[in-house]
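Student: I would like to learn how to read salt bridges and the fold around them. Please take me through the structure shown here.

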Amino acid sequence: MNDSQIEKVIDQATFMVDGYAFIKKDDGNISIVNIYPPFHAAVIRENGEVLETNMDDIEIEIVIKSYWKKNKKYILDPEIWCRKVFC
């Protein structure tokens, strides 16, 4: 990814954790993109089920089972994010 593509991903992200951008899509699925090389990505359902990915098993374990599960409340209920952070 070039710099403008990375900026676009960051702008679309609902939240970021350790270089991973979490983006809620219109269909309800969540796109997860690593903004650092090797730019791995995944598409998951809200329950954490992996639909598509180019991540290896260890990276999936970290991103889905740790980052997603600990932070999904912020993307699933934007009012929580609003109350705790910016709004």
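Student: How many salt bridges does the structure hold?
Tutor: A salt bridge is a side-chain nitrogen of Lys or Arg within 4 Å of a carboxyl oxygen of Asp or Glu. By that criterion there are 3 salt bridges here. The model is predicted, so local features need pLDDT of at least 70 and side-chain atom pairs count only at pLDDT 80 or more, while totals for chains, interfaces and linings use all residues. Residues are numbered from 1 along each chain as its sequence is written, and side-chain values use heavy atoms, with hydrogens and water left out.

Student: Which residue forms a salt bridge with K24?
Tutor: The partner is E46, and the closest N and O atoms are 3.1 Å apart. K24 belongs to strand 2 (residues 20–24), whereas E46 sits in the loop between strand 4 (41–44) and strand 5 (50–53), so the pair ties together parts 22 residues apart in sequence. Strands (E, at least two residues) and helices (H or I, at least four) are DSSP runs, numbered from the N terminus.

Student: How exposed are K24 and E46?
Tutor: Relative accessible area under 20% is buried, over 50% exposed, and in between partly exposed (1.4 Å probe, protein chains only). K24 is partly exposed at 34%, and E46 is also partly exposed at 34%.

Student: Which side chain does R45 meet in a salt bridge?
Tutor: R45 meets E49, with 2.7 Å from N to O. R45 is partly exposed at 37% relative accessibility; for E49 the relative accessible area is 37%, again partly exposed.

Student: Where do E61 and K65 lie?
Tutor: Both are in helix 2 (residues 57–76), 4 residues apart, and are thus separated by about one helical turn. E61 has a relative accessible area of 43% and is partly exposed, as is K65 with 49%.

Student: What pattern does the chain follow along the sequence?
Tutor: The order is α-β-β-β-β-β-α-α, made up of 3 helices and 5 strands.

Student: What share of the chain is buried, and what share of its contacts join residues at least 24 apart?
Tutor: Of its 87 residues, 39% count as buried. A contact means heavy atoms within 4.5 Å. Among contacts between residues at least 6 apart in sequence, 31% join residues at least 24 apart.
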